[in-house]
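Please look first at the sequence and the model shown below, and keep them at hand while reading.

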Amino acid sequence: MTFMIKGIFLVAACIIVILTFSCGRKGSPTLKAYEKPVSPFSITTFHRDGGIYVFWQYPPQERLKIKGCQLLKSDDGGRSFKELVFLKPDELEHSDRDFIVGHDYHYKLRCISLRDVFSDDSVIIKITPQSPPKKPEDISYVIKNDSLQIKWKIHPDVKANIYKTFQKGSYPLYPINTEPLTDNFFFDKLEISRPVYYTVRLLRGTDTRDEGPPSDELEVNPAFFVPSSPSGLNYAPLAKKVYLLWKENPENWLKSYRIYRKRPNDDKFTLIGETAAPVIIDADPPASKTSYYVTALGPQAESDPSETIEITLSEED
């Protein structure tokens, strides 16, 4: 019995020792930690401003698992690649300035995990940079009723990209048009709340995006949008009131109309009201001759006046 009790105590002591020394011990690295990281994808290139720009995508959640990515380059037809640069996980673009126009270049990427495991190589992308077109000339704009038309001097055998910004002089790398433009004009949504800026770049009609220098910056400021003059001003007297009405202006960006009146003893016309619809009531017209005209108001600027009409109300009116 005593021997059995001692045996029990011995087994319990061994268990305590095992638990004590195993407590807090880290487990062995799992195979998952040594898995290959995701390969970069959606690799694109274009040539402008003295550089070959290389872009790619990488899932944000996967960037936490890598040290970074190697951008590799080949200038011998893709037979051998050398590391061009090592980039941090959040760096998803690079500008290569070491190239010669007319030569072929191949690029690919691969990423390295936190445990130094390489991903598979990305797809290889080829680019043959050519001499880009010259700067476009005569860029201008026309305000339409519901849109903005940007125009530039036509150039044969070239296409165009349009860049847009609300911050003067600072443009994104990608244009607002989805495909290179073959025409020398482009329609965009009309901004009426703040100034907007545009530039145009010409490019060759080839698979390589060889963009030339930007055009002069085009400022489109709604402060300078002037509506056309209202037309068809007419009136209808009723119960000692005057209903003034006119044709609606074609501009969708019109803010309102302003109505001006001049009575017989007035030296000048006076603003008597503002309305969004092409009609207003003058509830206090004099019986003697009175003149009216209407203007249209844009985001800030006012149009020239409409034709002036003269009204004389009879006692019956």
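This is a predicted model: local features need pLDDT of at least 70, side-chain atom pairs count only at pLDDT 80 or more; totals for chains, interfaces and linings use all residues.

Residues are numbered from 1 along each chain as its sequence is written, and side-chain values use heavy atoms, with hydrogens and water left out.

## The whole protein

The protein has two helices and 20 strands, where helices (H or I, at least four residues) and strands (E, at least two) are DSSP runs, numbered from the N terminus. Of its 317 residues, 38% are buried; here buried means under 20% relative accessible area, exposed means over 50%, and partly exposed lies in between, with a 1.4 Å probe and protein chains only. A contact means heavy atoms within 4.5 Å, and among the contacts with a separation of 6 or more, 61% are between residues 24 or more positions apart.

## Strands and their pairing

Two strands pair if DSSP finds at least two bridges between them. An open sheet of three strands has the order S10-S12-S13, with antiparallel pairing. S10 and S13 stand at its edges and each has a single partner strand, so one side of each is left without a neighbour in the sheet. From one strand to the next the twist averages 30 degrees, an angle taken between N-to-C directions on a scale from 0 to 180 degrees, with axes that are lines fitted to C-alpha atoms, for helices over the stretch in contact. In a regular strand the side chains alternate between the two faces of the sheet.

Strand S9 takes part in pairing as well: a hairpin joins S8 to S9 through four residues, and S9 and S11 run antiparallel, joined by four bridges.

| S10 and S12 | eight bridges | Val-158 with Arg-204 |

## The nonpolar cores

A nonpolar core is a set of buried Ala, Val, Leu, Ile, Met, Phe, Trp, Tyr and Cys residues joined through side-chain atoms within 4.5 Å. The largest one has 18 residues, of which Ile-150, Trp-152, Ile-162, Tyr-198 and Val-220 touch the most other members. Two or more residues come from each of the strands S9 (148-151), S10 (158-165), S12 (196-204) and S13 (218-220), and S12 gives the largest share, four residues. Apart from this core lies another, of 14 residues, including Trp-246, Ile-259, Val-294 and Ile-311. When residues up to four places away in sequence are not counted, Ile-150 touches several others, among them Ile-139, Ile-162, Phe-185, Tyr-198 and Leu-218.

## Empty spaces

Rolling a probe the size of a water molecule over the atoms shows where empty space is left. On a 1 Å grid over the protein atoms alone, a cavity is a set of points where a 1.4 Å probe fits but cannot get out, whereas a pocket is an open set with protein on both sides within 12 Å along at least five of seven lines, and lining residues have an atom within 4 Å of a point. Grid points are joined across faces, edges and corners, and a volume is the space filled by probe spheres set on the points.

A search of the whole structure finds one cavity of 30 Å³ or more, and the largest cavity has a volume of about 60 Å³. Its lining includes Trp-152, His-155, Val-158, Leu-181 and Leu-202, and S10 provides the largest share of that lining, three residues. The largest pocket has a volume of about 420 Å³; of the 21 residues that line it, Thr-45, Phe-46, Pro-180, Asp-207 and Arg-209 are the closest to its centre.

## Residues in loops

Arg-194 lies in the loop between S11 (185-188) and S12 and is partly exposed, with a relative accessible area of 42%. Arg-194 and Asn-221 are 27 residues apart in sequence, yet 6.7 Å apart in space, C-alpha to C-alpha.

Most residues other than glycine have a negative phi. Asp-116, however, has a positive phi of about 65 degrees, and Asp-138 has one of about 55 degrees. Asp-116 is partly exposed at 49% relative accessible area, whereas Asp-138 is exposed at 57%.
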